[in-house]
Amino acid sequence: MFVEKGRSNVGQQQLLVSSSSKKLNLIKLNHFKTRASALLKAGNYTAAYETYTMCIDMVLESSSSSVKRNKDKTLILDSLYCNRSLTYEKAGKHTLALEDSLKCCEKNF
């Protein structure tokens with residue numbers, strides 16, 4: 001790696017750490033999304049909607065530092081809200097299911 005005289009590579013190292021932590025967060029998110037889906041299929045609705053809630057919180061926390069959410073995060077959140085809505089409906093929590101469905105219905109029919 002070439003470093004100009006008088007400059008350090010701290011900024012580049014921070015970029016690499018930021019990039020790798022984003023990859024780790026995405027891997028963790030995918031793991032929990034898969035787990036929530038399996039819990040839903042198994043009929044464990046309480047654990048499923050709690051896991052979807054954790055996934056939503058992970059995405060929201062990762063985007064809290066940026067003012068504008070990008071398209072990928074919006075699609076991920078729409079999918080998570082939709083899946084959690086289905087889980088709430090299966091658990092008989094119809095009001096919560098409706099609230100989640102309204103959060104994503106504009107883009108995700």
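Are Arg 84 and Asp 100 buried or exposed? Both are buried, where buried means under 20% relative accessible area, exposed over 50% and partly exposed in between, with a 1.4 Å probe and protein chains only. We'll come back to that pair after a look around.

**Before you click**

What you have open is a predicted model, in which local features need pLDDT of at least 70 and side-chain atom pairs count only at pLDDT 80 or more, while totals for chains, interfaces and linings use all residues. Residues are numbered from 1 along each chain as its sequence is written, and side-chain values use heavy atoms, with hydrogens and water left out.

**Stop 1: the whole chain**

Start in cartoon view. The protein has four helices and zero strands, giving the pattern α-α-α-α along the sequence. Helices (H or I, at least four residues) and strands (E, at least two) are DSSP runs, numbered from the N terminus. Of the 109 residues, 24% are buried. Now for contacts, meaning heavy atoms within 4.5 Å: among those between residues at least 6 apart in sequence, 49% join residues at least 24 apart.

**Stop 2: helix α3**

Next, select α3, which spans residues 71-90. Its 20 residues reach 29 Å from first C-alpha to last, close to the 28 Å expected at 1.5 Å a residue; the expected span is 1.5 Å times one less than the number of residues. Show side chains for its buried residues: Thr 74, Leu 77, Asp 78, Leu 80, Tyr 81, Arg 84, Ser 85, Thr 87 and Tyr 88. Just after the helix, pick Gly 92, which takes a positive phi of about 85°.

**Stop 3: the nonpolar core**

Now select Leu 29, Phe 32, Ala 36, Tyr 52, Cys 55, Ile 56, Met 58, Val 59, Leu 77, Leu 80, Tyr 81 and Cys 104, the 12 residues of the largest nonpolar core. Here a nonpolar core is a set of buried Ala, Val, Leu, Ile, Met, Phe, Trp, Tyr and Cys residues joined through side-chain atoms within 4.5 Å. Colour by helix: α1 (10-42), α2 (45-63) and α3 (71-90) each give two or more residues to this core. The largest share, five residues, comes from α2.

Centre on Ile 56. Leaving out residues up to four places away in sequence, Ile 56 touches Leu 77, Leu 80, Tyr 81 and Arg 84.

While you're here, check the cysteines. Cys 55 is buried, at a relative accessible area of 0%, whereas Cys 82 counts as partly exposed at 34%.

**Stop 4: Thr 87 and a tyrosine pair**

Move to Thr 87 in helix α3. Thr 87 counts as buried, with 0% relative accessibility. Beyond its neighbours within four places in sequence, Thr 87 is in contact with Leu 40, Tyr 45, Ala 48, Tyr 49 and Tyr 52.

Tyr 49 is buried at 13%, and Tyr 88 is buried at 9%.

**Stop 5: the salt bridges**

Last, select Asp 100 in helix α4 (residues 94-104). Asp 100 counts as buried, at 2% relative accessibility. Apart from its neighbours within four places in sequence, Asp 100 is in contact with Tyr 81, Arg 84, Ser 85 and Tyr 88.

The whole structure has two salt bridges, a salt bridge being a side-chain nitrogen of Lys or Arg within 4 Å of a carboxyl oxygen of Asp or Glu. One joins Arg 84 to Asp 100, with the closest N and O atoms 2.5 Å apart. Arg 84 lies in helix α3 and Asp 100 in helix α4, so this pair ties together parts that are 16 residues apart in sequence.

Lys 103 and Asp 100 are three residues apart in helix α4, so about one helical turn separates them. Lys 103 counts as partly exposed, at 46% relative accessibility. Through shared partners, the salt bridges join Arg 84, Asp 100 and Lys 103 into one network.
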